Amino acid sequence: MKVNGRHFRTIWLKENDPRVVQVIDQRALPHRFVIAEIKTVKQAAAAIRDMLVRGAGLIGATAGYAMYLAALEASRSTDFEAKLFQAAGELKATRPTAVNLARSVDLQLKRLALAPTPEAKIAAALGTAMQIADEDAEFCRRIGEHGLGLIQRLSKNKNGAPVHILTHCNAGWLAFVDYGSATAPIYAAHDLGVSVHVWVDETRPRSQGSKLTAWELGEHGVPHTIIADNTGGHLMQHGMVDMVIVGTDRTTCTGDVANKIGTYLKALAAKDNGVPFYVALPSSSFDWKLRDGLSEIPIEERDSDEVRFADGWHDDGHTEVRVCPEKSSAANYGFDVTPRRLVTGLITERGLCEANEESIRSLFPDLAGFAAIAE
Ligand code: MRU
């Protein structure tokens, strides 16, 4: 997508230095546009853990490039395999919920095992990293094409009046390599001249909605309004939301959806008010091994200081303030699971399906664990 008229992806190799990975440091947005460099596996793991990069698709793409850096590091060590597996473990331990992370690491391990020499392994790792990133961008572009019709239909029913879409967290291009999942149909509709307006959940504690989604929608010229997290139900009761589109970090093969904490409450409110609730995802976010989201999807718990403090921009620069009594403790659950019965449909790179095993498997009969990347 474009930033100040220039096309950016969220991750790429440095020009003239393919041993360096560059990313947009998302901690600085929307106040500053900072490009960070990742040169080692340790730095890649820290970038994922500390959320310079975040969002399921981008975490997966970063893990793909990190395994390429791991192959480079391993080629300078005395035991290639041991170094590689150490890196894989380190990366997988960074964030537990988004399945894209483990998928990329496992795919890289599989591909590297097939290459005979360290040089061939490095080449295979680089090729796979680029393939994961390209696939992510292309899948999101197609999600836009498949979700577009839903928005066009609502627009037609409203005689062209703005279609109000509520979204939670950031499932935009910043959460992927390009386009985004939940935002892809919105960008596609907006680009075609369909009138859309987005209700942007603030998404405490890290405020990915007000910081990231609002920024990227604004850069693209999409009308939007930031709302406090608890506002969605009220808006739905008053007919002010035509549809909800969210992303997901992991969706079971039966259609249970893990996404940023608070998604479940939006799904409940949507059900109660007859508002369609869609989840947009590339197939890389399906976990084909899990059947029950509530009991099986690991939910990340992060540092409670993310709840106890808020940060923002002040005339003198970035500032952080405590927003609760000094001695109060806090809990910081990163994700929740929305049961399939609350999901109207899934928007994928292959089209729409229902949130149930039969419908999902009929759209993806060929996938066992590595999505559409050829074995
Ligand atoms: O904690 P984050 O910012 O990585 O969480 C991101 C989300 O929950 C997104 O909605 C999710 O990744 C789905 S879109 C990739």
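A polar contact here is a pair of N or O atoms within 3.5 Å; inside the protein, one atom must be able to donate a hydrogen and the other to accept it, and sequence neighbours count only if both atoms are side-chain atoms. The model is a predicted one, with local features requiring pLDDT of at least 70 and side-chain atom pairs pLDDT 80 or more, while totals for chains, interfaces and linings use all residues. Numbering runs from 1 along each chain as its sequence is written, and side-chain values use heavy atoms, with hydrogens and water left out.

Now to the ligand. A polar side-chain atom of Arg54 sits 2.9 Å from one of its oxygen atoms. For Gln208, a side-chain N or O atom is 2.8 Å from a ligand oxygen, and for Asp249 the corresponding distance is 3.0 Å. On its own the ligand exposes 400 Å², and the protein buries 100% of that (Shrake-Rupley areas with a 1.4 Å probe). The space it takes is the largest cavity, a cavity being a set of points on a 1 Å grid over the protein atoms alone where a 1.4 Å probe fits but cannot get out.

Around the ligand there are 18 residues, of which Gly55, Arg95, Gln208, Asn259 and Lys260 come nearest (near means a heavy atom within 4 Å). This shell splits into seven nonpolar, seven polar and four charged residues, with Gly counted as polar and Asp, Glu, Lys and Arg as charged. Helix H2 (56–75) and strand S11 (257–260) are the elements giving two or more residues to the shell; helices (H or I, at least four residues) and strands (E, at least two) are DSSP runs numbered from the N terminus. Domain 1 (2–135) and domain 2 (144–374) each supply at least three shell residues, the bounds coming from an automatic or database domain assignment.

Leu29 and Pro30 are joined by a cis peptide bond with omega about 5 degrees, and Pro30 falls in the loop between strands S4 (17–24) and S5 (35–38). Another cis peptide bond links Arg204 to Pro205, at about 15 degrees.

How values were computed
On a 1 Å grid over the protein atoms alone, a cavity is a set of points where a 1.4 Å probe fits but cannot get out, and a pocket is an open set with protein on both sides within 12 Å along at least five of seven lines; lining residues have an atom within 4 Å of a point. A molecule sits in a cavity or pocket if more than half of its atoms lie within 2 Å of its grid points.
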